[in-house]
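Take a look at the protein below.

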Amino acid sequence: MRFFKMNGLGNDYIFIDQEQFSGHIPDLSIPLLCDRHKGIGSDGVVLFKKIDKYALSMNIYNVDGTEAEMCGNALRCLIRHQNAIGKKITVQTKAGVRSGFYDGESVSINLGKPVSYDTELRNIVINHKIYCGKKVNVGNPHFVIEKPYDEALAGSISECTDFFPFRTNVEFVTKTDDGFNVRIYERGCGETLACGTGAAAVLIASGRKEAVIHLLGGTLVCRIENNEIVQVGTAEYNFEGEIHV
């Protein structure tokens, strides 16, 4: 099975063209593909299909084999892969149709309007302690909390199905002069170097119209245009190859 691997600010994905693979990858093989010691190594797997010249579909799978609704970094990578400079590319995802274009250097994507978000802080109880944050859904769920990164807390919040029936991604935020420093714990994966939808969730939670989001893997510029979230960042190739599964 042929594949190529790309990353958006270090958030890396294995991309497989559905025309090169018939059927659905068994859930048990996805953790193996993502394993950095025994497999290819990545934060997830993307199955994509070309619909026409400027339209595709994609299905995104987390390291644990669960399917994600959306991924901003994977979206930028897939649009970059088309190499249709200046042309609008549309991509069908579980969260709906998203779009973007590659200008030869960076990729701009439109993540649409937030599905839902809290304007007030919500309390969540973890190990008998109360933590405050904002729930934001930009096609997938996020919980934005203003405090330094805490790995154990991140995992507990993410898996708190009483509060998040389908689990959640968690963003730990500290303010900067131009925006925010953010560390992200992704549902079904753990901490990653970057998350496009997480950066969008932070912007929405802040109430700002534009901000620079500083992630471990690099920087994303996020802004609101016509009530929709626009995000600009890079997408890069790692390598391509063939694997037998």
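## Inside the predicted model

The largest nonpolar core has 48 residues, and the ones with the most contacts inside it are Phe15, Met58, Leu75, Val91, Val182, Ile213 and Leu215. This is a predicted model. Helix α4, residues 196-206, gives the most to this core: seven residues.

Pick out Leu215, one of the residues with the most contacts in the core. Leaving aside residues up to four places away in sequence, Leu215 touches Leu9, Val182, Ile184, Leu193, Ala194, Cys195 and Leu220. Another core lies apart from the largest one. That other core has 15 residues, among them Phe143, Ile157, Phe164 and Phe172.

Now turn to helix α2, which spans residues 72-82. The helix is mostly covered, with ten of its eleven residues buried. The buried ones are Gly72, Asn73, Ala74, Leu75, Arg76, Cys77, Leu78, Ile79, Arg80 and Gln82. One of them, Leu75, is also named among the residues with the most contacts in the largest core. After α2 comes Asn83, which has a positive phi, near 55 degrees.

Next, the cysteines. How many disulfides does a search of the whole structure find? The search finds zero. A disulfide needs two cysteine sulfur atoms within 2.5 Å. The sulfur of Cys77 has its closest cysteine sulfur in Cys71, at 7.8 Å, so the two are too far apart for a bond. Cys132 is in no disulfide either, and the nearest cysteine sulfur, in Cys160, is 14 Å away. Is Cys77 buried or exposed? Cys77 counts as buried because its relative accessibility is 0%. Cys132 has a relative accessible area of 35%, so this residue is partly exposed.

| Cysteine | Nearest cysteine sulfur | Distance |
|---|---|---|
| Cys77 | Cys71 | 7.8 Å |
| Cys132 | Cys160 | 14 Å |

About 90 Å³ of space lies in the largest cavity. Which residues line the largest cavity? They are Tyr13, Ile60, Asn62, Ala68, Met70, Cys71, Asn140, Asn169, Glu186, Arg187, Cys195 and Thr197. By class, this lining holds six nonpolar, four polar and two charged residues.

Two lining residues have come up before. Cys71 holds the sulfur closest to that of Cys77, and Cys195 is one of the residues that Leu215 touches. Both Cys71 and Cys195 line the largest cavity.

Key: Residues numbered from 1 in each chain as written. Predicted model: local features only at pLDDT ≥ 70, side-chain atom pairs only at ≥ 80, totals over all residues. Heavy atoms only, no water. Buried < 20%, exposed > 50% of the residue type's maximum accessible area, 1.4 Å probe, protein only. Core = buried A, V, L, I, M, F, W, Y, C linked by side-chain atoms within 4.5 Å. Helix = DSSP H or I, 4+ residues; strand = E, 2+ residues; numbered from the N terminus. Contact = heavy atoms within 4.5 Å. 1 Å grid on protein atoms, 1.4 Å probe; cavity = no way out; pocket = protein on both sides within 12 Å on 5 of 7 lines; lining within 4 Å. Points joined across faces, edges and corners; volume = space filled by probe spheres on them. Nonpolar A, V, L, I, M, F, W, Y, C, P; charged D, E, K, R; others polar.
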